[in-house]
Amino acid sequence: YYQLTVFGDPIAHSRSPQIHSAFAQQWQASMVDPQVGIHYTRTLASRGEFPELLNAFRALGGMGANVTVPLKELAWELATTRSPQAELAGAVNTLVRTEQGWHGENTDGIGLYVDLCDLHVALKDADILLVGAGGAARGVIPALLAAEPRTLVIANRTLERAKRLADVWQSERANPRQIPVSASSFSDLAQNETPWAVIINATSSGLQGERPPLPNAILQHRPFCYDMVYGAAPTPFLQWASEQQCPIADGLGMLVGQAAESFYLWTGFRPDRATVLHDLRASIR
Ligand code: ATR
């Protein structure tokens with residue numbers, strides 16, 4: 001059995017055990033003689049407790065872990081080796097046991113990317129508006145740039161933070177194709193005539209039942225609007241976009257997408273996301 005867990009705080013409501021159990025069932029069904037399975041638990045860990053709890057998990061045979069809020073940056077520091085995507089994202093959401101320690105990966109960006117592909121949202125040559133400049137936004141930028149958009153604009157309530165994040169992507173190493181990445185305040189978007197194809201809300205506003213105060217003008221060309229937050233009802237950001245006749249999606253597909261990529265890294269098996277997303281959607285209603 002693969003010993004797996006998800007570390008975070010809070011963690012009680014994490015959907016990861018449910019998702020990975022469903023993947024494991026598919027994995028076993030794909031084998032003639034299933035000799036393997038997973039045991040996936042939740043581990044509540046504050047920042048202070050995390051290093052020690054991670055060591056304890058390893059000592060008990062832990063093979064891999066997911067890491068969620070507020071531990072992704074700390075997991076980046078604790079990883080012995082890191083994938084290029086995790087390196088650039090500055091955050092790790094997946095740890096894979098190696099002989100030397102833990103290999104850190106970030107599958108959030110891939111999760112968003114595959115979900116947008118499933119939703120038939122084209123990113124290549126698109127003008128993308130990323131709203132938010134915290135860890136969630138930073139984590140998906142490598143994958144967004146890998147999809148070769150025309151431009152990426154990062155808008156944030158605190159403009160300074162968006163500027164600092166945009167600066168990270170100016171170097172040739174971080175952005176080999178030199179895709180234009182810039183920062184904007186919310187209010188300046190009203191004068192920005194870019195025909196946005198995709199707007200991604202990476203702020204935590206939806207968790208507080210709020211929406212970022214974005215100008216209506218950005219919805220003029222009916223962009224696809226995505227919120228990384230998910231729930232039984234659309235977030236205020238998605239409600240607003242939907243009222244202006246924009247296509248919308250919440251982040252449940254991204255959650256399943258990042259989990260599928262983590263599962264693949266641990267087991268080498270690529271699960272089918274669609275059935276799992278369908279069942280998960282039904283269970284959160
Ligand atoms: P996360 O890891 O979820 O990204 P974070 O690093 O604390 O968490 O970042 C939260 C993001 O959501 C930030 O971009 C924050 O904007 P500020 O940088 O201006 O604080 C944004 N955010 C949170 N609540 C918001 C709200 N009600 N309206 C707009 N933006 C909000």
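**Domain arrangement, helix packing and ligand shell**

The chain is divided into two parts, domain 1, made of residues 2-106 + 253-284, and domain 2, made of residues 109-250. The model described here is predicted. Taken over C-alpha atoms, the centres of domain 1 and domain 2 are separated by 25 Å. Where the domains meet, 15 residues of domain 1 are in contact with 17 residues of domain 2. On the side of domain 1 that touches domain 2, the elements giving two or more residues are helix 3 (72-78), helix 4 (84-89) and helix 9 (252-267). Helix 9 gives the most to this side, with 6 residues. By class, the side of domain 1 that touches domain 2 has 6 nonpolar, 6 polar and 3 charged residues.

Two helix pairs were examined. Helix 1 (residues 16-29) and helix 10 (residues 273-284) cross at roughly 145 degrees, and their axes come within 10 Å. The crossing in which helix 1 passes helix 10 is right-handed. Helix 1 takes part through Q18, I19, A22 and F23, which meet V276, D279 and L280 of helix 10. In the contact of helix 1 with helix 10, 5 residues are nonpolar, 1 is polar and 1 is charged.

The second pair consists of helix 5 (residues 108-118) and helix 6 (residues 135-146), whose axes lie 7 Å apart and which pack at an angle of about 55 degrees. Angles under 35 degrees count as roughly parallel and those of 65 to 115 as roughly perpendicular; helix 5 and helix 6 are therefore oblique to each other. Helix 5 passes helix 6 in a crossing that is right-handed. On helix 5 the contact is made by D108, G109, I110, L112 and Y113, and on helix 6 by G139, V140, P142, A143 and L144. The contact of helix 5 with helix 6 comprises 7 nonpolar, 2 polar and 1 charged residues.

In total, 17 residues surround the ligand, and the closest are G134, G135, R157, T158 and T203. The shell around the ligand divides by class into 9 polar, 5 nonpolar and 3 charged residues.

Conventions
Residues numbered from 1 in each chain as written. Predicted model: local features only at pLDDT ≥ 70, side-chain atom pairs only at ≥ 80, totals over all residues. Axes fitted to C-alpha atoms, helices over the stretch in contact; angles between N-to-C directions. Helix = DSSP H or I, 4+ residues; strand = E, 2+ residues; numbered from the N terminus. Parallel < 35°, antiparallel > 145°, perpendicular 65-115°, else oblique. Left-handed = near helix turned anticlockwise from the far one by under 90°. Contact = placed C-beta atoms within 7 Å. Nonpolar A, V, L, I, M, F, W, Y, C, P; charged D, E, K, R; others polar. Near = placed C-beta within 6 Å. Domains from an automatic or database assignment.
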